[in-house]
Amino acid sequence: MPQEVRGVIAPGRDEPVRVETIVIPDPGPGEAVVKIQACGVCHTDLHYKQGGINDEFPFLLGHEAAGVVESVGEGVTDVAPGDFVILNWRAVCGRCRACLRGRPWYCFDTHNAEQRMTLTDGTELSPALGIGAFAEKTLVAAGQCTKVDASVSPAVAGLLGCGVMAGVGAAINTGAVGRGDSVAVIGCGGVGDAAIAGSRLAGAAKIIAVDIDDRKLETARGMGATHTVNSKATDPVEAIRELTGGFGADVVIEAVGRPETYRQAFYARDLAGTVVLVGVPTPEMKLELPLLDVFGRGGALKSSWYGDCLPSRDFPMLIDLHLQGRLDLGAFVTETIRLDEIEKAFERMHHGDVLRSVVVL
C-alpha cells in the first residue's frame with residue numbers, strides 16, 4: 001500500500017521550501033523504498049530551489065543520503081530489506097557504450113525509479129537527482145542503493161552520496177594524485193576540502209589550499225593542506241609556483257566553477273600537469289584561453305563527474321577507510337538539523353558558515 005510521509009519540497013523558483021505530506025508508492029520492478037536516516041544539505045539542492053537545474057517544480061529535495069532499505073520490487077537482487085545503504089545518483093546500466101568498454105563510472109544511461117512520488121492531491125514531484133531524500137522515506141531505483149558497513153553513522157555515510165565523493169574522487173580518480181605529488185585545490189568548501197582529504201589519502205607530498213576566506217583555509221589545514229593561500233591578498237598562481245620550486249603543481253583541482261578561477265588553475269599547474277574541474281559552472285559562463293598555451297603546456301584538462309566514482313567500488317572502500325581512522329568523514333559535519341530547518345541551513349551554506357548541515361531523521 002502507498003505510504004504517506006513527511007518531505008521537504010521546493011514549490012517554485014526561489015520560494016521558501018516547506019514540509020509537506022508525500023505519498024510513496026510501493027516499489028515496482030527494479031525499485032526500492034528506503035527509510036532515510038540522514039541527508040546532507042548540498043549546494044545542488046539550492047540550485048534546484050533557485051531553478052538553476054530546470055523548471056520541473058515542485059521538487060522533492062535532498063540527495064546526499066543514507067538509510068535502510070524497507071522494501072524492494074520484483075527482480076531486485078543486489079539489496080534486500082534491512083540493508084544499510086548510501087544513495088547514489090549513478091545507477092549504472094551495464095549496457096551503454098561506456099559500461100561495455102569497462103568504464104561504468106562514465107555510464108551514459110544511469111537510471112532512476114520509474115514511478116513518481118506525489119503530493120496527497122496527486123501532484124507529481126521531481127526528486128532531486130532522482131533521489132528526493134529530504135523525506136522520511138523515498139523511492140529510488142535499486143541500483144541507486146549501495147550497501148555499506150552498518151556500523152558507520154548515517155550522518156557521516158550519507159555525505160559520500162555527493163559532495164565528499166565528488167571531491168575525494170576528483171583527486172583520486174580523475175586527477176590520479178599519486179605519492180609525492182604536489183596538489184593545489186582552489187576553493188575550500190565541502191568539495192574542495194574533500195579533494196584535500198583525498199589528496200592526503202593518496203600520498204601527496206604538498207597540498208596547497210586556495211580560498212578568499214581565512215576561516216575556510218584554517219579548516220582546510222585540518223583536512224590535510226600543508227600550505228594555504230588567501231587569493232584575495234595574494235596572486236594564487238605566483239604563490240603556487242613559489243611553493244613548488246617555480247614550476248607549478250602536478251595537479252590543480254578547481255572546486256569553484258568560475259572562468260577566473262579556472263584560468264588560475266590552468267596557469268598554476270606544472271608543464272604536463274593536470275587540471276581537474278569539479279566546481280560546477282552556470283550555463284552563461286564562457287572560458288577563453290590562448291590555444292597556443294593549451295598546446296604548449298601539455299598535460300591534461302579534465303572535468304570530474306561525481307568524482308568519476310563507481311559507487312559499488314568506492315563507497316564501501318571509503319567507509320572502510322573512515323572506520324579505520326584513515327579518512328575523517330565526521331570532520332565534514334558542521335551541524336545536525338531537522339527537516340523544518342533546511343531553509344535556514346541554505347542561508348548558512350550560502351554565507352559559508354558550514355561545511356555540511358545534515359538532516360537527521
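Pro58 lies in the loop that connects α1 (43-49) with β4. In this predicted model, the peptide bond between Phe57 and Pro58 is cis, with omega at about -5°. Most peptide bonds are trans, and most residues other than glycine have a negative phi. Two further backbone features concern phi. Asp14, placed in the loop between β1 and β2 (18-24), has a phi near 65°, a positive value in a residue other than glycine. Leu129 is likewise a residue other than glycine with positive phi, here near 55°, and its place is in the loop between β8 and β9.

The pairing of β4 (residues 59-60) with β8 is parallel and comprises two bridges. Within this pairing, Phe59 has Ser126 of β8 as its bridge partner.

Side chains of opposite charge can pair when their charged atoms come close. The structure contains 15 salt bridges. One of them joins the side chains of Arg6 and Glu136, with an N to O distance of 3.0 Å. Because Arg6 is part of strand β1 (residues 3-10) whereas Glu136 belongs to the loop between β8 and β9 (137-141), this pair ties together parts that are 130 residues apart in sequence.

A second open sheet consists of six strands in the order β13-β12-β11-β14-β15-β16, and its pairing is parallel. Its edge strands, β13 (227-230) and β16 (300-303), each pair on one side only. On average, neighbouring strands of this sheet are turned by 15° against each other, direction ignored. Strands β11 (residues 182-186) and β12 (residues 206-211) run parallel and are joined by five bridges. In this pair, Ile186 is located opposite Val210 of β12. Helix α6 (residues 214-223) packs on the sheet, where it touches β12 and β13, and the direction of α6 makes about 170° with that of β13.

Helix packing was examined next. Two packed helices are described by the angle between their axes and the distance between the axes. For α5 and α6, the axes come within 9 Å and cross at roughly 25°. With angles under 35 degrees counted as roughly parallel, α5 and α6 are therefore roughly parallel to each other. Their crossing is right-handed. On the α5 side, Asp193, Ile196, Ala197 and Arg200 meet Thr219, Ala220, Gly222 and Met223 of α6. By residue class, the contact of α5 with α6 comprises four nonpolar, two polar and two charged residues.

Helix α5 (residues 190-202) also packs with helix α4 (residues 163-174), at an angle of about 45° and with the axes 7 Å apart. The two helices, α4 and α5, are therefore oblique to each other. The crossing in which α4 passes α5 is right-handed. From α4, the contact involves Gly163, Val164, Ala166, Gly167, Val168, Ala171 and Ile172, and from α5 it involves Val191, Ala194, Ala195, Gly198, Ser199, Leu201 and Ala202. Ten of the residues in the contact of α4 with α5 are nonpolar and four are polar, with no charged residue.

A further packing arrangement of α4 is formed with helix α10 (residues 311-323), at an angle of about 100° and with the axes 12 Å apart. Angles of 65 to 115 degrees count as roughly perpendicular, and α4 is therefore roughly perpendicular to α10. The contact is made by Met165, Val168 and Asn173 of α4 together with Arg313, Asp314, Phe315 and Leu318 of α10. The residues of this contact of α4 with α10 divide into four nonpolar, one polar and two charged. Val168 of α4 is listed both in the contact with α5 and in the contact with α10.

Definitions and conventions. Residues numbered from 1 in each chain as written. Predicted model: local features only at pLDDT ≥ 70, side-chain atom pairs only at ≥ 80, totals over all residues. Heavy atoms only, no water. Axes fitted to C-alpha atoms, helices over the stretch in contact; angles between N-to-C directions. Helix = DSSP H or I, 4+ residues; strand = E, 2+ residues; numbered from the N terminus. Parallel < 35°, antiparallel > 145°, perpendicular 65-115°, else oblique. Left-handed = near helix turned anticlockwise from the far one by under 90°. Contact = heavy atoms within 4.5 Å. Nonpolar A, V, L, I, M, F, W, Y, C, P; charged D, E, K, R; others polar. Pairing = 2+ DSSP bridges. Salt bridge = Lys/Arg side-chain N within 4 Å of Asp/Glu carboxyl O.
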